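Me: I would like to learn how to read a protein structure, one feature at a time. Can we go through an example together?

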Amino acid sequence: MSPSATSAAPTSNPSDLDMTLAYHLDIVITIVILLFALLNVPRAVARFANSSERFRGYLLRYVPLRHKPRINLNTQSIYLSSDPEKSAIDLSDSSEGCSTTFKALPALPTQTLRNSPNGSPSGGRKLVHMPMLSSLVHPVTSILSRSVHEGYTVGQVLLMAGYAAMIFYCGFYKSNPFSDPLRAGWVVTSQIPIVYIFASKNNVVGALVGVGYEKLNYLHRLIGRLVVVGANVHAIGYVYKWSLAGQLSTELAQPFIRWAFVALVCVDLLGFGSLQFVRSKSYNLFIITHVLGSFVFLFAVCYHSHACIPYIAVASAFYGLDHLLRMVKTRITTATLRPIPELGLTRVEIPSLNSGWRAGQHVRLRVLSTGMGFLGLTEVHPFTIGNVERTEEGMVLMCKKAGRWTTKMYELSATAKYGEQGREVGKNVRVMVEGPYGGVGNTVISSYSGALFVAGGSGITFALSAVQELVRLGNDSSVRTIDIVWSIPDAASLTPMIPLFTSLIEQSMSARLRVLVFYTRASKGSFQGLYLPPGVTLAPGRPKAVKYLDDVVTSTQSVGGATGVFVGVCGPPALARDVADMVRVFDVHRKRMVGGIELHEE
């Protein structure tokens, strides 16, 4: 992502205008980033004012549990209660291999929602809450949050359009790309540090504006494509000029021009490898082209033009810092893989890592087993952490069987042996875990008055980790109303989750918790023998999330909550768009009455 060929001689100096424009372009971009960071300062201050949030979400570690947790959130037994002779839910076609059974559960006691008059926790000090700016400017937010194309919002489109406009202005101001191809080279050079910063997992821009690297990836893709176009315009312009002058062979013989074409090849490979078609068909090709291309490219640009070295130095510093932090955040340990056929996923338990993450964060997992195949050993995949920290079972991941790699992991887990009582004990493997990353940023979920979690399929992991944390906090949380709306393809998927949902509802004494499950496929079997405890409902069809948002808002208002409602969604893109539209068009007056409704898409 740099110029492919610069001046006709390595010692010639670029025009002052070209260098000035490139320099000023980076200054303007930096100022815009700092403005967004300034808007984020109040929320960052509010987050770190809560002592429990200051040191979480940075490094995975093991913390000895000096005493048993106040409530039992150990879900390990949920997936070990198999009896091959019985079935709690008879769905002959869609739940083949499902054999989880449950004992009858007693009726849950009536919950008393202990709340102070102002809606703050009665058992501890009041949490510091700072609403998002979007909660304070509802009409503007309604426009900017509207989805327009492939999941991009109006706000994102405007930001990308503004960025592209700055690039084109600097590229064409008093310049013609055919007569002055050097300008394109300098504009591209100015973007080298930016594109590397946005590519990093430990993203300094994300830290400043309070979002994870994955939320800024659309800008990395945009800048990368602009760099690819600019680098080719730069190279083609010089080839055109040299061809007209009859100097093409002479120029191509010069070493610094050859390095220019090395850089150009790297840029084009990066552009090709990042195409959605290539990524979906060959993820390994995408990784290889990005790792090798981005590394070789930096050297090639330096040898091409010494004037580019300051920009390369900045990019290399951020590139090196990111990889250093990634090594610091990487752990190699032993994990237990367990298949969950009802959900079609693999449960990964890592007891040696039980602390260091926040609800909604994810880790990058590599399975170090020959059972994954040679290519499988090289692959790293992100998974949202599915439980709260500091439990006996450690970190839990739920990896949906959705592709070649996850299918191999599921098959590997299914080869596990059985213990003395016939229960599956799981497959122990070595894993490499990197993270945590992402999450809800500077949002403190427990500082809101109500919470609604909408999940599709394996997206339930985000809701589980967040709700477990809220239940554990008890009266130290401001949340008094919690709804989980879970859409699953088959009713049998609910079976292994019932004990966990029951435990959460039973132990949520400071907040009203409901779990509403919807299945979208018709089942020929019956539901006889399926026990649903109070607070858990199962219904056919797709959920009407707006109804449950209305319920949460009404319930929150009834208990005097005025610090807003948090809405979290994790699942297919279509589900995320529907929930975003629901929040966007919700009654503005009721939003203000409850303190705002804030959406987080995981």
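This is a predicted model: local features need pLDDT of at least 70, side-chain atom pairs count only at pLDDT 80 or more; totals for chains, interfaces and linings use all residues.

Me: Where is Leu 144 found, and which residues is Leu 144 in contact with, leaving aside its neighbours within four places in sequence?

Reply: Leu 144 belongs to helix α3, residues 138-144. With those neighbours set aside, Leu 144 is in contact with Thr 153, Val 154, Gly 155 and Leu 158. Take Leu 158 as a case: 14 residues along the chain separate it from Leu 144, and the two C-alpha atoms are 8.7 Å apart.

Me: How many helices and strands are there in the protein?

Reply: The protein has 19 helices and 15 strands. Of its 602 residues, 50% count as buried. Contacts can also be sorted by distance along the sequence: among those between residues at least 6 apart, 77% join residues at least 24 apart.

Me: How do I describe two helices that pack against each other?

Reply: Two packed helices are described by the angle between their axes and the distance between the axes. Here, take helix α4 (residues 154-172) and helix α7 (residues 217-245): their axes come within 11 Å and cross at roughly 25°. Angles under 35 degrees count as roughly parallel, and α4 and α7 are therefore roughly parallel to each other. Their crossing is right-handed.

Me: Which residues of α4 and α7 make the contact?

Reply: From α4 the contact uses Gln 156, Leu 159, Met 160, Tyr 163, Ala 164, Ile 167 and Phe 168, and from α7 it uses Tyr 218, Leu 219, Leu 222, Ile 223 and Leu 226. Sorted by class, the contact of α4 with α7 has 11 nonpolar residues, 1 polar residue and no charged residues.

Me: Are α1 and α4 roughly parallel or roughly antiparallel to each other?

Reply: Begin with the numbers again: the axes of α1 and α4 come within 10 Å and cross at roughly 165°. Angles over 145 degrees count as roughly antiparallel, and α1 and α4 are therefore roughly antiparallel to each other. The crossing of α1 and α4 is right-handed. On the α1 side the contact is made by Leu 21, Leu 25, Val 28, Ile 29 and Phe 36, and on the α4 side by Leu 159, Tyr 163, Met 166, Ile 167 and Cys 170. By class, the contact of α1 with α4 holds 10 nonpolar, no polar and no charged residues.

Me: Is Cys 170 buried or exposed?

Reply: Cys 170, in helix α4, counts as buried because its relative accessibility is 7%. Apart from neighbours within four places in sequence, Cys 170 is in contact with Leu 21, Leu 25, Arg 183 and Val 187. The C-alpha atoms of Cys 170 and Arg 183 are 8.2 Å apart, with 13 residues along the chain between the two positions.

Me: Which residues other than glycine have a positive phi?

Reply: Lys 174 and Arg 390 are cases to look at. Lys 174 has a positive phi of about 50° and lies in the loop between α4 and α5. With a relative accessible area of 66%, Lys 174 is exposed. Arg 390 has a phi near 60° and lies in the loop between β6 (381-384) and β7 (395-400). Its relative accessible area is 35%, so Arg 390 is partly exposed.

Me: Is the peptide bond from Gly 435 to Pro 436 cis or trans?

Reply: The bond from Gly 435 to Pro 436 is cis, with omega near 5°. Pro 436 lies in strand β9, residues 424-438.

Notes:
Residues are numbered from 1 along each chain as its sequence is written. Side-chain values use heavy atoms; hydrogens and water are left out. Axes are lines fitted to C-alpha atoms, for helices over the stretch in contact, and angles run from 0 to 180 degrees between N-to-C directions. Helices (H or I, at least four residues) and strands (E, at least two) are DSSP runs, numbered from the N terminus. Angles under 35 degrees count as roughly parallel, over 145 as roughly antiparallel, 65 to 115 as roughly perpendicular and the rest as oblique. A crossing is left-handed if the near helix is turned anticlockwise from the far one by less than a right angle, and right-handed if clockwise. Contact means heavy atoms within 4.5 Å. Ala, Val, Leu, Ile, Met, Phe, Trp, Tyr, Cys and Pro count as nonpolar, Asp, Glu, Lys and Arg as charged, and the others, Gly among them, as polar. Buried means under 20% relative accessible area, exposed over 50%, partly exposed in between (1.4 Å probe, protein chains only).
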